[in-house]
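Let's take a walk through a protein model together.

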Amino acid sequence: MPSATTHSQPQASTDGQARRSRRKGARPGELLAAALDLFVEKGFAATRVEEVAERAGVSKGTLFLYFPSKEELFKAVVRENISGRFAEWNEEFDRFDGSTQEMLRYCLFNWWERLGTTKASGIPKLVMSEAQNFPELASFYQHEVMQPANTLIQRILQRGVARGEFRPMDLTYGAYLVLAPMLFLALWKHSLGPCCSAQAQLDPQSYLAAQLDMLLHGFCAQTPSTH
């Protein structure tokens, strides 16, 4: 029987190592998920790294192995949930075969489905409310989120102008017109929305449809009158 015991020990050791390896590999994702939850719930300043570590089920020291500061943790959260996805979104732009009106509709409604419905939609409110106290993070957000978002929207509008679907416009401010309703909806969701009565709630799909209708009536090239 001793031989059976001898053979079982390496297997148990191997299984334990595999579990620890899987656990270690999962830690960055767990930390980012915990940090996103706390940043959106409490804000950047009020969130302590100890809380993030505790919610993720690791020690504070383990957190600092992956993210050397709370600022770097926040940047990683933004990259994981928003800025790291712009390459994918630009590739979708390049492959899109429909009209630019259809592209703009796709942009608004897919933003809501992929980002607006998630906890990450609370990040813009966090940045806007704490930007003056954390100018480095505000600059980071401007560079890694706002600039790429503006560039992508401008590409969409420029496509419409070049194809004769949209009238000529100031692309910089045209992009802000598209971004404004998305930003408002995200802010509403994480501020007044939870406090309002059922009758005062916004329906995201209806809101975006109304905004899109107004945008397209303003953007679209006018058909010459036949009279």
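Are H5 and H6 roughly parallel or roughly antiparallel to each other? Before the answer, some ground rules: this is a predicted model, where local features need pLDDT of at least 70 and side-chain atom pairs count only at pLDDT 80 or more, while totals for chains, interfaces and linings use all residues. Residues are numbered from 1 along each chain as its sequence is written, and side-chain values use heavy atoms, with hydrogens and water left out.

Now find helix H5 at residues 86-95 and helix H6 at residues 100-116. The labels come from DSSP runs, numbered from the N terminus: helices are H or I with at least four residues, and strands are E with at least two. H5 and H6 pack at an angle of about 150 degrees, and their axes are 12 Å apart. (Axes are lines fitted to C-alpha atoms, for helices over the stretch in contact, and angles run from 0 to 180 degrees between N-to-C directions.) So H5 and H6 are roughly antiparallel to each other, a label for angles over 145 degrees; under 35 counts as roughly parallel, 65 to 115 as roughly perpendicular and the rest as oblique.

Who does the touching here? From H5 come Glu88, Trp89, Glu92 and Phe93, and from H6 come Met103, Tyr106 and Arg114, where contact means heavy atoms within 4.5 Å. Sort these residues and you get four nonpolar, no polar and three charged. (Ala, Val, Leu, Ile, Met, Phe, Trp, Tyr, Cys and Pro count as nonpolar, Asp, Glu, Lys and Arg as charged, and the others, Gly among them, as polar.)

Next, slide along to helix H9 (residues 171-189) and helix H10 (residues 204-219), which pack at an angle of about 170 degrees with axes 11 Å apart. H9 and H10 are therefore roughly antiparallel to each other. On the H9 side, the contact includes Gly174, Leu177 and Phe184, and on the H10 side it includes Tyr207, Gln211 and Phe219. The contact of H9 with H10 has ten nonpolar, two polar and no charged residues.

A cavity is a set of points on a 1 Å grid over the protein atoms alone where a 1.4 Å probe fits but cannot get out; a pocket is an open set with protein on both sides within 12 Å along at least five of seven lines, and lining residues have an atom within 4 Å of a point. The largest pocket holds about 750 Å³ of space, where a volume is the space filled by probe spheres set on the points, and grid points are joined across faces, edges and corners. Its lining has 33 residues, with Trp89, Trp111, Ala149, Leu179 and Met182 nearest the centre. H8 gives the largest share of that lining, nine residues. By class, the pocket lining has 27 nonpolar, four polar and two charged residues.

Finally, the structure holds one cavity of 30 Å³ or more. The largest cavity has about 50 Å³ of space, and its lining includes Phe44, Phe74 and Glu130. H7 gives the largest share of this lining, three residues.
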